[in-house]
Amino acid sequence: MMPTPVIVLDPGHGGPDPGAVAHGLREADLTLALACACARHLGAMRAQVRLTRTTDAEVSLAARVAAANPRADLFLSLHCNAARSPEARGFESHVHPGAGPCTRALRRLIHTACAAYLAGYGVADRGMKQADFYVLRKTVCPAVLLECLFVTNPDEAQLLSDPDWREAFAREVARAVALAVGLAG
C-alpha cells in the first residue's frame, strides 16, 4: 500500500497584506476560498492536506515553507494576478529556475489540466514560467505557484467573484494535483 500523499496548500497573502485588489475583490480572500475548497476535494480523495492559513491571517514566508519542509509531497501556492492594464489576463504557473525534473513534471501535469479547464471559459494560457520566489526557492519538496487569473481584468474578476465558479475551479485544481501525486489515474 502506497503512503498517503501530503499536500501543503498555500493561500497567498492574508492579514494586513490583501495582495491584489480590484473590482471589489481581494486576492487574499480569493486564494483562501480556493485553497479551502481544494483541500476539501483533496481530502475526499484521501490526500493528507495542510493549509498554511485557514483565516485571513498574516503568515510569514518562512512559516509557509516550514509547513511543507521536510515531509510534504507537494507545496502548491495559490495566487491571483494583477496588472496596470485591465486587458492583462490568463493563467500561469511557476517553479524555481533550479527546480528538478520531478517538480517540473508535477507542474506540467497541474498546469496542463488547469489550463485546459480554464480554456473552456476563454481564459488564456500564459504558460509555464520560472521565478525566484522565496516559497519556491526555500521549499525542499516539489513546489509550484499558480497565478489563477487577473483580478484587474473585468471578465476574469467576474469569474473569480462567483462562488460556484471558484468551487468548480478548485475541484479541477484538486483533480490535477491528485493526478500529479498519483491519487487518481
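Q: Is the crossing of α1 and α6 left-handed or right-handed?
A: Right-handed, for α1 and α6 in this predicted model.

Q: Which residues of α1 and α6 make the contact?
A: On the α1 side they are Leu 30, Ala 33, Leu 34, Ala 37, Cys 38, Arg 40, His 41 and Leu 42. On the α6 side they are Arg 166, Glu 167, Phe 169, Ala 170, Arg 171, Val 173, Ala 174, Val 177 and Ala 178.

Q: And how do the residues of that α1 with α6 contact divide into nonpolar, polar and charged?
A: There are 12 nonpolar residues, 1 polar and 4 charged in the contact of α1 with α6.

Q: What about the angle, roughly, at which the axes of α1 and α6 cross?
A: Roughly 55°, and the axes of α1 (residues 27-44) and α6 come within 8 Å. That angle makes α1 oblique to α6.

Q: OK, α3 next. At about what angle do α3 and α6 pack?
A: About 150°, with the axes of α3 (residues 101-119) and α6 8 Å apart. The two helices are therefore roughly antiparallel to each other, since an angle over 145 degrees counts as such.

Q: Which way does α3 cross α6, left-handed or right-handed?
A: The crossing of α3 past α6 is right-handed.

Q: Which residues in α3 and α6 meet?
A: From α3, Leu 106, Leu 109, Ile 110, Ala 113, Cys 114, Tyr 117 and Leu 118. They meet Trp 165, Ala 168, Phe 169, Glu 172, Val 173, Ala 176, Val 177, Leu 179 and Ala 180 in α6.

Q: How many residues of the α3 with α6 contact are charged?
A: The contact of α3 with α6 has 1 charged residue, no polar ones and 15 nonpolar.

Q: Glu 172 was in that list. Which residue does Glu 172 form a salt bridge with?
A: Arg 175, and the closest N and O atoms of the pair are 2.7 Å apart. Both residues sit in helix α6 (residues 163-180), 3 residues apart, which means about one helical turn separates them.

Q: Are Arg 175 and Glu 172 buried or partly exposed?
A: Arg 175 is partly exposed, at 44% relative accessible area. Glu 172 is buried, at 18%.

Q: Switching to charges in general: how many salt bridges are there in the whole structure?
A: A search of the whole structure gives 8.

Q: Where is Arg 64, and where is the Asp 10 of its pair?
A: Arg 64 is in helix α2 (residues 61-66) and Asp 10 in strand β1 (residues 6-11), so their pair ties together parts 54 residues apart in sequence. In this salt bridge the closest N and O atoms are 2.5 Å apart.

Q: Is Arg 64 buried or exposed?
A: Buried, at 5% relative accessibility. Asp 10 is buried too, with a relative accessible area of 1%.

Q: What does Lys 129 form a salt bridge with?
A: Glu 92, with the closest N and O atoms 3.1 Å apart. This pair links distant parts of the chain, since Lys 129 is in strand β7 (residues 125-130) and Glu 92 in strand β6 (residues 91-95), 37 residues apart.

Q: What is the relative accessibility of Lys 129 and of Glu 92?
A: Lys 129 is at 28% and counts as partly exposed. Glu 92 is at 6% and counts as buried.

Q: Last one. Which residues are linked in a network of salt bridges?
A: Arg 26, Asp 29 and Asp 56 are linked in one.

How values were computed:
Residues are numbered from 1 along each chain as its sequence is written. This is a predicted model: local features need pLDDT of at least 70, side-chain atom pairs count only at pLDDT 80 or more; totals for chains, interfaces and linings use all residues. Side-chain values use heavy atoms; hydrogens and water are left out. A salt bridge is a side-chain nitrogen of Lys or Arg within 4 Å of a carboxyl oxygen of Asp or Glu. Helices (H or I, at least four residues) and strands (E, at least two) are DSSP runs, numbered from the N terminus. Buried means under 20% relative accessible area, exposed over 50%, partly exposed in between (1.4 Å probe, protein chains only). Axes are lines fitted to C-alpha atoms, for helices over the stretch in contact, and angles run from 0 to 180 degrees between N-to-C directions. Angles under 35 degrees count as roughly parallel, over 145 as roughly antiparallel, 65 to 115 as roughly perpendicular and the rest as oblique. A crossing is left-handed if the near helix is turned anticlockwise from the far one by less than a right angle, and right-handed if clockwise. Contact means heavy atoms within 4.5 Å. Ala, Val, Leu, Ile, Met, Phe, Trp, Tyr, Cys and Pro count as nonpolar, Asp, Glu, Lys and Arg as charged, and the others, Gly among them, as polar.
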